[in-house]
Amino acid sequence: MATGIKRHHPDGSSAFSLSMSQKVYVRSRKGKATKIVQEHYLRTDIPCSSQLCPLCILNPPKDSSGAVRPAILSRTPPSVKPWGAHYLIPDTNIFVKAMDLMEHKSAFYDVIVLQTVLDELRNISLPLYNRLRALSLSQEKRFYVFHNEFRQETFVERLPGESVNDKNDRAIRTACAWYRVHLDETIGKSSAIPEILLVSNDNDCLRKAKELGVACTNLESYVKALPDTDALLDMIVSETSDVTAPQKLVYQEYYSTSRIQGGIKAGIFHQGVLSISQYNYLEGSVSVPSFERPLLVLGRESLNRAMHGDVVVVEVLPESEWKQPSTKIVEEETITKDDNPEAEDDDDTLVTEKEHAALQEKLKAKNTSAEFRIQPTAKVVGVIRRNWGFYVGHIDASSISSDAAGTRRQTTVFLIPMDKRISKIKIRTRRATGLVGKRILAAVDSWDASSRYPLGHFIRVLGDIESKEAETEALLLEYNVQYQPFTQSVLDCLPAEGHDWKVPTDTSDPRWTGREDLRELLVCSIDPPGCQDIDDALHARVLPNGNYEVGVHIADVSHFVKPDTAMDLEASSRGTTVYLVDKRIDMLPVLLGTNLCSLMPYVERFAFSAIWEMTPDATIVSTRFTKSVIRSKEAFSYEQAQLRIDDKSHVDSLTEGMRILLKISKLLRQKRMDAGALNLASPEVKVRVESEQMDPVDVEIKKAHETNSLVEEFMLLANISVAAKIYDAFPQSAMLRRHAPPPKENFEVLADQLRVCKNMTLNSETSKKLADSLDSCVDSSDPFLNTLIRIMATRCMLAAEYFCSGTMAESDFRHYGLASEIYTHWTSPIRRYADIVAHRQLASAIAYEPLHESLRDKPKLERVCQNINQRHRNAQFAGRASVEYYIGQALKNRELDVEGYVMKVFSNGFVVFIPQFGIEGPIHLRDMKVEYTFDEANYALEFNAGTEKEVRLQLFDKVTVHVETVLEESTGKRKVALRLQSPQIE
Amino acid sequence: MSRPEIYSPEGLRIDGRRWNEVRHVRCAINTHQASSDGSSIIEQGNTKVICNVVGPGEPTGGGVGGSGGNQRAKDDNRVILTVKAVVAPFSTIDRRKRSGNDNRVQEMCLTIQHIFEEAVMGHLQPRSQIEISLYVLSQDGGMLQACINAVSLALVDAGIPMYDYVCACTAGMYDKEVLLDLNRLEENDMPFLTMATLGATRKVALMQLETRVGIDRLEPMMAAAMSGCHHLRDVMDAEVRKHGKSRLARTGV
């Protein structure tokens with residue numbers, strides 16, 4: 001490396017007076033020399049950003065729109081003894097170790113982030129960098145990024161023989177010293193000058209800083225000087241203890257990067273996302289393109305420290321070692337209950353006896369099982385990307401050593417995550433006993449080959465276990481739902497009139513331009529009872545030529561949410577509204593969602609309308625889209641609408657219109673079914689909450705009316721029409737939704753189960769055949785069986801996803817479940833971001849407004865798609881978990897016997913699905929003192945109850961179970977516990 | 001290694017400039033007296049170009065694109081411009097030889113020819129030819145703009161009558177921010193245009209945009225590029241006047 005300085009004569013006008021150009025020669029992979037020359041301008045106008053400094057405030061730099069960034073660092077920074085009021089300058093290591101601390105509300109304000117530090121952090125970890133950037137952008141905690149390497153006085157040149165790290169440390173010290181002098185000079189003696197405090201854990205760096213006269217400290221002593229020390233100390237990433245003796249490896253070391261890359265290229269190794277089984281924490285599977293069936297990863301040793309969701313590299317084991325998925329329910333807490341967190345894993349072997357026994361049965365089963373159940377088996381040899389995030393759980397009280405109670409000594413305890421697929425996490429804390437019985441948020445930091453469990457650190461307490469606030473927050477955190485209230489900058493994007501906003505009465509108002517006046521149409525909305533965010537309304541009428549005119553009117557959200565505003569960015573990052581049982585986490589501020597955009601009855605609202613002309617047999621003659629103004633005549637609930645249609649005494653034109661809608665919707669539905677659309681089922685229940693004390697009182701299954709499917713059909717029609725239109729207008733960047741056909745293998749097990757147990761056939765070749773064979777799976781004596789099969793079939797499907805049309809071949813656009821060639825989401829812009837994008841694109845396609853830049857940018861749209869896909873999934877999970885929690889609460893003090901169906905059979909238990917509550921739960925056979933044999937080929941368990949009779953329990957069998965709830969010790973969740981009532985086996 | 005921030009939220013670019021700052025410009029004229037009638041060298045940041053001008057003289061029929069020269073030769077009321085450019089193999093980050101008929105270089109030569117056919121008072125030198133040779137020694141973004149500026153200076157040095165300097169500058173659009181005078185890293189990362197104006201006027205001699213960009217983004221980019229052109233005109237004009245003064249001093253007038 002060579003550096004050369006060119007000094008230029010300062011020319012008065014420009015703020016930079018000296019340029020430095022750096023020449024770096026880097027050897028490329030092929031051995032060719034690559035020359036990288038970069039200019040580096042040094043300037044004197046980078047502000048220190050302290051509100052105390054009169055000099056830097058005087059002449060602030062402007063950006064291209066002429067805006068000035070105000071000084072960030074406060075006049076009165078926090079004061080901590082013995083340093084007094086101070087600005088903090090942490091070094092890179094501090095951000096790596098204690099980012100959670102930095103984000104904590106109680107300390108760490110007025111922090112100067114040096115460019116050197118930021119760049120280093122970016123090289124170490126992009127997620128950490130993004131978090132730090134977000135911190136500095138929010139300004140709430142007053143983090144200021146000081147570009148020390150571009151400021152003339154603080155620029156540091158690398159000395160010959162100096163390492164990059166040493167240079168960076170020196171740059172940090174130089175910047176500290178400069179700040180000190182700068183503030184001294186500019187503030188003057190008149191007021192108190194804040195101290196500049198360097199925080200570093202590097203003793204050498206601290207010593208050199210002292211020599212320079214810079215105040216400095218290490219992180220631990222700084223935190224110790226703060227109030228609320230204990231909570232903060234726990235949040236520091238635990239240091240992997242400096243060991244002198246080489247530690248015994250519990251796990252196999254990962255292969256080197258080059259070996260992994262070579263192996264993947266050669267096809268020996270395979271890369272994929274690891275997913276851990278819900279029922280067995282020691283069993284994972286990885287789907288890779290080169291194998292039809294997912295690769296099985298069995299046992300702690302093979303999993304080799306990989307956690308659920310990690311991108312891993314696996315090596316396939318020889319065929320002789322291939323196994324089949326476990327037929328047992330294995331839960332971590334029952335097996336590793338007595339592990340001691342303090343023990344350094346020196347004595348025990350990796351796989352404990354008990355774990356070994358749990359896995360043993362697989363080898364035996366091999367001979368007996370049908371051939372197709374054997375799956376290629378693999379072991380993890382490397383992790384490409386960790387999926388580590390925040391985990392919510394509780395402290396395992398039994399893991400606290402007795403002598404630690406009451407003392408403030410730091411102890412290691414186990415945190416048991418709520419998610420059963422996640423391993424226990426070792427956490428060091430000083431307040432072990434105080435944390436018992438609380439919901440706790442923690443993060444995973446590392447997982448060394450020498451440690452049996454991952455190492456993490458404590459972040460914060462959410463509240464008591466089973467308190468509603470804590471459980472709801474835990475749920476939102478677990479599924480990464482953004483639930484913080486909207487920031488002021490988002491609220492500033494709302495119309496100034498607030499709730500008094502009205503459609504302008506004067507039709508010459510610019511907001512009326514391009515809008516059709518549809519106020520006279522007989523429009524109504526049909527929604528679930530109590531719906532506040534009404535985003536769709538319908539109308540239908542007979543045209544003079546005998547055809548029908550049908551219109552779908554959608555709330556015009558894109559009129560209020562303009563691209564690239566703070567509100568748009570927030571909505572885009574939230575992606576969707578999340579519905580919990582007692583709570584709605586909105587995507588858009590409530591003013592828009594439930595008022596201005598909501599198509600409420602009797603008031604004028606802006607809408608986006610899709611209007612078709614149809615023949616009486618529901619063939620579309622023409623389609624058009626327009627922005628409009630409507631006035632809804634009535635807001636019905638499904639039930640009300642149904643009653644009104646059925647009541648022959650109503651002959652007004654609104655009811656007639658609804659009858660037309662119903663008639664057409666049936667025709668449309670029939671057409672769709674004929675094309676092979678699937679009618680799938682998922683357990684849908686509603687928890688009734690008594691509004692007063694918000695305690696759930698009962699659970700009921702959602703009722704479906706004809707009007708449900710009426711609305712659904714027209715929404716589908718609108719979505720399909722819009723998808724075709726925007727794809728036509730923007731072949732490269734249209735926001736669409738696809739549903740890939742499921743791989744045949746997914747149905748193999750279910751088809752076999754149906755064949756064996758019920759003598760039914762399932763044909764999954766095409767969606768049409770699947771739909772037909774699902775229809776034929778009917779047991780006349782048991783109407784629910786069909787629904788159960790549909791629920792199980794749904795689980796074999798892939799998830800539908802949003803995508804940007806330019807990223808896929810046209811043949812992949814198909815929506816399998818709806819049997820449509822093209823599809824998008826357009827009808828719920830209040831609660832889904834994809835719909836807002838589709839609205840904008842459609843508005844542009846009909847030449848209502850020009851398309852915003854960001855909606856033409858393919859990579860940007862792809863990122864949006866990725867995010868909303870993820871958010872959508874999480875929202876569903878969160879909703880389900882919320883229902884589950886409330887069911888647990890509703891059944892809290894009740895015990896009852898209900899009917900259920902056997903949904904899965906394991907060798908040591910089975911899973912029962914209870915239609916009444918839409919839940920499923922395992923029944924362990926170890927709890928019952930009976931002898932049994934497991935007939936794997938027939939998916940059955942045979943019990944030798946007594947001597948005279950033999951009870952057989954097969955998949956899909958109807959059983960009666962006793963339901964009560966227990967507080968599950970392992971996860972701290974209130975879980976439904978099931979006990980078999982009939983058939984009697986005990 | 002991850003890439004550094006192209007434009008930080010604090011408003012600083014990858015090399016420490018702000019959005020509206022051009023790189024350091026160093027230029028000189030009359031640098032190669034022996035081999036040419038007019039010559040110049042210009043450095044814009046790390047992009048370095050030498051230009052030699054020979055002429056006006058007898059037409060030889062050679063020059064850029066062969067055909068171009070010949071066609072023009074028929075119109076003997078105007079001067080014939082020929083432009084050829086050599087991009088040195090060592091000018092980029094990895095040593096790579098560009099063949100003489102590299103399409104991009106050919107296109108650049110043609111662009112420059114068209115610009116200067118309008119800028120030079122061609123009718124004053126009928127039936128004659130001016131040969132322009134460009135040597136790109138080092139590239140760090142903005143090769144075309146540097147070439148245009150170099151030609152301008154060399155033509156002035158050769159004493160060819162022109163309406164005004166032709167000065168060129170690039171501007172790019174990063175997200176919502178206009179950035180002026182892009183270097184190589186920035187050019188690779190965002191849509192940008194090259195604009196040339198006739199001196200400090202608002203007359204546009206060249207507008208070249210090769211990437212798709214929203215129509216609403218174009219105007220701020222053009223405005224920024226134009227201000228960059230005007231700045232370059234001042235720098236070039238100062239250099240020419242300085243040179244003139246020193247010439248005058250030497251001849252002792």
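This is a predicted model: local features need pLDDT of at least 70, side-chain atom pairs count only at pLDDT 80 or more; totals for chains, interfaces and linings use all residues.
A residue counts as buried when its relative accessible area is under 20%. By that cut-off A:D110, at 0% relative accessibility, is buried.

**Chain B**

- Chain B contains five helices and nine strands, arranged along the sequence as β-β-β-α-β-α-β-α-β-β-α-β-β-α.
- Of the 253 residues in chain B, 55% are buried.
- Contacts in chain B between residues at least 6 apart in sequence join residues at least 24 apart in 68% of cases.
- Chain B has an accessible surface of about 11,300 Å², and carbon and sulfur atoms account for 51% of that surface.

**Contact between chain A and chain B**

- Chain A contributes 37 residues to the contact and chain B contributes 41 residues.
- The two chains bury about 3,300 Å² between them, with 45% coming from carbon and sulfur atoms.
- Of the area that chain A buries against chain B, 17% comes from A:E39, A:Y41 and A:S64, more than from any other three residues.
- Four salt bridges link chain A and chain B. A salt bridge is formed by A:R133 and B:E5, whose closest N and O atoms are 2.7 Å apart.
- There are 11 residue pairs in polar contact between chain A and chain B, counting pairs with both residues at pLDDT 80 or more.
- On the side of chain A that touches chain B, at least two residues each come from β2 (16–27), β3 (33–43), α3 (115–124) and α4 (126–138) of chain A. β3(A) gives the most, with 10 residues.
- By residue class, that side of chain A has 12 nonpolar, 10 polar and 15 charged residues.

**Backbone exceptions**

- Most peptide bonds are trans, and most residues other than glycine have a negative phi.
- The peptide bond from B:G55 to B:P56 is cis, with omega near 0 degrees. B:P56 is part of strand β3 (residues 47–57) of chain B.
- A:D110 is not a glycine, yet has a positive phi of about 55 degrees. This residue sits in the loop between α2 (92–102) and β6 (111–114) of chain A.
- A:D564, also not a glycine, has a positive phi of about 70 degrees. A:D564 belongs to the loop between α16 (557–560) and α17 (566–574) of chain A.
- A:D110 counts as buried because its relative accessibility is 0%, whereas A:D564 counts as partly exposed because its relative accessibility is 24%.

Notes: Residues are numbered from 1 along each chain as its sequence is written. Chains are lettered from A and ligands numbered from 1 in the order in which they are written. Side-chain values use heavy atoms; hydrogens and water are left out. Helices (H or I, at least four residues) and strands (E, at least two) are DSSP runs, numbered from the N terminus. Buried means under 20% relative accessible area, exposed over 50%, partly exposed in between (1.4 Å probe, protein chains only). Contact means heavy atoms within 4.5 Å. Accessible areas come from the Shrake-Rupley method with a 1.4 Å probe; for residues, only the protein chains shown count as cover. Buried area is the accessible area (1.4 Å probe) that two parts lose on being put together, summed over both. A salt bridge is a side-chain nitrogen of Lys or Arg within 4 Å of a carboxyl oxygen of Asp or Glu. A polar contact is a pair of N or O atoms within 3.5 Å; within protein, one must be able to donate a hydrogen and the other to accept it, and residues adjacent in sequence count only if both atoms are side-chain atoms. Ala, Val, Leu, Ile, Met, Phe, Trp, Tyr, Cys and Pro count as nonpolar, Asp, Glu, Lys and Arg as charged, and the others, Gly among them, as polar.
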